[in-house]
Amino acid sequence: MTIRLAVNGQDHAFDLPPQTSLLEVLRNDLGLNGPKYGCGYGECGACSVLVDGQAARACVMTLGAVAGRQVTTLEGLGTPEAPHPVQRAFIEEEGAQCGYCLNGMIVTVTALLRDTPAPDRATLARALRHNLCRCGTHLEILRAAERAVTLMAEARK
Amino acid sequence: MTALTIWRTGKAGPETLLEIDPAGTVTGFNGHVDLGTGIRTALGQIVAEELDLPPARVRMVLGDTARTPDQGPTIASETIQFAAVPLRAAAAQARAILLALAAARFGCPPGALTLRDGVVTGGAGTADFAALLANQSIRAELDPAARVKTPAEYRTVGRSSPRVDLPGKATGTWTYVHDVRLPGMLHGHVLRPPYAGRDSGPFIGHSLLAVDEASVAHLPGLVAIVRIRDFLAVVAEREGQARTIAEALKVRWALPPELPDLGNIAGTLRDLPATKRMLTDRGDVEAALSRAKVQLARSYSWPWQMHGSIGPSCAVARFEGGRLEIWSGTQNPHMLRGDIARLMEMPEEAIDIHRHEAAGCYGRNCADDVCGDAALLARAVGRPVRVQLTREQEHLWEPKGAAQLMDVRGGLGEDGRFDAYDFETRYPSNRGPNLALLLTGAIAPSPQPSDMGDRTAIPPYRIENLRVAVHDMAPIVRASWFRGVSALPNTFAHESFIDELAAEAGEDPVAFRLRHIDDARTAELIRRTAEEGGWQPRSGPRLHGEGDFAFGQGFAYATYVHGTFPGVAAAQAAWMAEVAVNRRTGEVSLTKVLVGQDSGLMINPDGVRHQLHGNVVQSLSRTLTEAVTFDAISVADQDWGAYPLARFEDLPEVRSVLIERPEEPPLGVGESASVPSAAAIANAIFDATGVRMRELPFTPERVRAALAGAPMPRALAAPPPRRRRFARMAATLAAGIAGGLMAGAVAFPALRAEIPRSAPPAAGLWSAETLARGRQVFAAGDCAACHTAEGGVPLTGGRAIETPFGTVHSTNLTPDPETGLGAWSYPAFARAMREGISRDGHHLYPAFPYTAFARITEDDMQALYAYIQSLPPVRAEVPPGRMIAPVNLRGTMAAWNALFHTATPFTPDPAQGAVWNRGAYLVEGAGHCASCHSPRNALGAERTGAAHLAGGTVGGWTAPALNGTGPGPLAWTEADLYDYLRDGRSNRHGAAAGPMAPVIAALAELPDSDIRAMATYLASLAPAPAAPEPTAETLAATAQEALETATDPAARLFTAACGSCHMPGPLRLASAATVPLAFSSTVHAERPDGLIHAILEGVPATPGGGASMPGFAPALSDARIAEIAGFLRRTLAPGKAEWTGLTETVARARATRH
């Protein structure tokens, strides 16, 4: 069975069982580095991607579940030369130590700001509640998220 | 090609420290690696400073055995203090060489030249590095005495410099070890022994009894199964295939001996064999104690904790032409190379380790182990292999931060001085031998202690009579260094004890410390931290509070001393912590922290501050939350639910005071700010409540118990022995029931007439319409579900179906003449469908629902026959059933049929409309819903009357009532039923799971009109509601509130394991549950089986797309699933009776799951 979906704006077709993990397809079939394997149970958020603009944990999504949908990964947001405002905020505020959870933080904040353009710090913290970081970068991450709110507002002008 | 190289003679020959290529590009080489702390940036700054370059123009190569110097493992915050020293000298030497070249070129003395931003300016002009090095090929041996800059000359060092790796990491262009992909790469998946997390004892390397390779031979993608003693792995083409194969592979292991009681840290560590090593013994401790005005004896304990890397370890290996290359996330590439050489019996020179960044490790995790795995597999299959450990494997097997016990005695002299201190610490750890070496038997699994329990064991205070000893002991479970190593526990004891003494003396704890400090730098740090933190002097606990809350301040200080005893001091740090303690629930919130730190020269102040913040958050997590739990034989925590970490909502307000000392040498900052954490928090709890916490972690249960004066509960009551992967459920045989059948069995014939074999019908016999109709009947009956074995070829039967009377196997439905239905004429088929009699005349068991199929109309039955005969024939033998006597006498079934079966077709009810009748026909006929959804009597027959469709069980799952008497809080309306049958999900009830999921998938073949008809019929069965039901919105809000406000351990487990999908916040995840758990009948049902099965096995994606839930069977123990189920029951169904015997129910469900 062929399953079609768009990833970072590009159409792809896969002849794979529909229950194949979306994370495996993104990482191994498409060679994308952004989404990371962390737990396989949706507990940590390292594998986060956007599905039709909404944040999703790719480790618990199947290929079949995203058939015909738009998936965006960290790579699809921006590049080192032209980062997305949320990426820029995390780079400027150094919202990462090892950076393994960074993908999930950026994707989650990006999804939040789409629907909630001006969240306060408490809302940002609640939105990131189920994204784990072991380095303890939480303070820098929250500061980066706050800066992302500003940069996104500027970008919208 | 390089133009300038600075090298030194290392352990194994020349080692390059710095290179400048003809284009002027500068590359520094360092044997230490970046563990996510930003050390790459700081090392680049050091090189850039000496060469007067912008930091961005320096490239650093870290930890590559073929290219970088061997500088030992990246541990103990030593990189800046030690590993950077030769690098800095090399850069300074290169500068001198460049200036000499320029001096010759411009004909002026080097002193007349200036170097700025990579350009030398002299009297006659300017030249950059490329120009100066044109046609040069200089190799200079390192001059360790090369003149380096003085702090006054610094332009880059001491200023914050942006992290060089973050633009790549934030955009997905950085290559972590997890992102290394080689051409032709395969995927390995390891299967670890049951002695998870253990590394000594004669069973290590001798526990693998049998591997049934045939059990996975049919699975796609399999390349190899590799077995060396207890090392076992599968290699497959795809990553997911490798995991599927590994999970399906039938393996028998011997069980290891039980562990001692690791919940009782004090008792277990005191009983363990140890070598006592005296670190210092001065004055006369015993005499001083005996004359002490106040004497205290205290014990403090620290639990086993996880490094908890967010990314489970990963490695890629390539074995080609006698050379082995490994891409690794190791902390110590050169040490790892030695281990791999031993494992593979290869010379070290034939092995290259390429170090890539991995998830932060904070010490020794599984990064090295997985390299051994990958190396063995790459050699076995002759292609590159990537091995990615699972979350469960990383949790179970990472060498833990060791538990520790500190027994302390101390006393105050006549003048209130801290006059005597007797300190003993026990640290059961080694340096984490490579797992592959142990599993393959390459090294002996004998207990080996290490000497790392002595870190910061000497207290920083002036105490005249001082005795400090460490008991070196081998680990009980794998243990190795973890950020702060033994210094955290040792300091927890020192800094709690001095607080206790100060309180006994009635003296202010900060003033008391200062009275015993000689070093002026330390005194300044303590004073400034207390001042800036708003320290309130006191002579005892202040016991401030309001309502349920008590508020307190606590202070602690440490100079982290690392390395082999007596060690070297890293940065010193002091904490001022403020807590709020909920006296009712026992919850401790760390509300404010001020950390003062003296790091000497700070290479990158922002980097120092980030390390400090990271230490605060990580150590508050370790202090308040973290403790590894164990079952009888191994580590029990396998996911973030079982081992939760601090979250954003736990963050305190954090301030830092970084004392500027640019003239002093730089000190390591990677760990120091963690070291005072636990004592500062314990001291603050004491100030707030007067209660002294001496055992980590300070969980609400422990604090509550301490407040009540009760004995401290442990982090988690020791769970029962894990049966997870090994137990077999004892079969319970319904002997009495079977006996009941025996009585009637004899009067009925065992066999009916055989219907002769017939030639298969000719292809093209049936019209497309007939086949389409048959296909729908086939779908309505979801024949494929039962007639396809787990992982087997569709429709060829062989699925084991458990019944109370034994196991039957479904038959091959394809028209294969020998093993399937190819030789069945239509009359034989129709008789089987309507009467339960096989072609050869024997009786079928009613696990095959002929009682329902008898209602199928003649037209539909013929179409179904046609469709089945049109399928491609597949030869497949089916194993015989295993029924218990007398049910195994098929003749008994004749008696059963006489009692319970009438083979009459469906007759429409003239009082009802056509839609209703169509629905009834589908539900009661081909759909055979009652097979699962009606309770069965003692003889296994569906009950009728009011019990018809009143709910049953299937494969351990609860099949809820379809007659409107279900337990859920919201009634099933016709619209709900339609949504559920059509999409597999109703917004008011939840999603189809377990055996219902394939039914929904099959129903996709049916037209909307049929789905509506079934909904109409089923909705009509419901009685009128007795009372108005709550609105879905009210129910959802109440449930959410209940989940959010619960504070018990089960609530924390639920939040960590289930929260991202089942606790909606400001962000709605596309992968999250769309229906509140409170709506699900499973939490309201009389029995917990449905909920438990859903947790164990997960919920598949619905056909229309959307989320799926993973099965948590591999991750959560029986006890933890029971905890979650019990929590959901009391929280979401508060009016209903609590479930009992949950852990046993989970064990049973686990044993029967498919």
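Let me begin with a definition: a residue counts as buried if 20 or more other C-beta atoms lie within 10 Å of its own, as exposed if 12 or fewer do, and as partly exposed in between. Please bear in mind throughout that this is a predicted model.

With that definition, is Arg1148(B) buried, exposed or partly exposed? Arg1148(B) has 19 C-beta neighbours inside 10 Å, and therefore counts as partly exposed. This arginine sits in helix H35 of chain B, which covers residues 1142-1152. Between the C-alpha atoms of Arg1148(B) and Gly956(B) there are 8.7 Å, although 192 residues separate the two along the chain.

I turn now to chain B as a whole. Its assignment gives domain 1 (4-166), domain 2 (177-257 + 307-397), domain 3 (265-305 + 402-707), domain 4 (740-900) and domain 5 (914-1021 + 1029-1152). The C-alpha centres of domain 1 of chain B and domain 5 of chain B are 65 Å apart.

How confident is the predictor in this chain? The mean pLDDT of chain B is 90, with 95% of its residues at 70 or more. Over residues 712-748 of chain B, however, the pLDDT falls below 50, and this stretch has 77 contacts in the model beyond near neighbours in sequence.

Next, chain A. Its secondary structure comprises six helices and five strands, arranged from the N terminus as β-β-α-β-β-β-α-α-α-α-α. Chain A has a radius of gyration of 15 Å, close to the 15 Å that the globule rule gives for 157 residues, so chain A is as compact as a globular protein of that length. Its C-alpha atoms fill a box of roughly 45 × 35 × 25 Å along the principal axes. Of the 157 residues in chain A, 67% are buried. Among its contacts between residues at least 6 apart in sequence, 59% join residues at least 24 apart.

Finally, the interface. Chain B contributes 69 residues to the contact and chain A contributes 72. On the side of chain B, the elements giving two or more residues are helices H4 (166-171), H5 (239-248), H15 (605-624) and H31 (1049-1062). For the complex, the predictor gives an ipTM of 0.99 and a pTM of 0.90.

Thank you for your attention.

Notes:
Residues are numbered from 1 along each chain as its sequence is written. Chains are lettered from A and ligands numbered from 1 in the order in which they are written. This is a predicted model: local features need pLDDT of at least 70, side-chain atom pairs count only at pLDDT 80 or more; totals for chains, interfaces and linings use all residues. Helices (H or I, at least four residues) and strands (E, at least two) are DSSP runs, numbered from the N terminus. The radius of gyration is taken over C-alpha atoms; the globule rule is 2.2 Å times the number of residues to the power 0.38. Two residues are in contact if their C-beta atoms, placed from the backbone, lie within 7 Å. Domain bounds come from an automatic or database domain assignment. pLDDT is the predictor's confidence in each residue, from 0 to 100.
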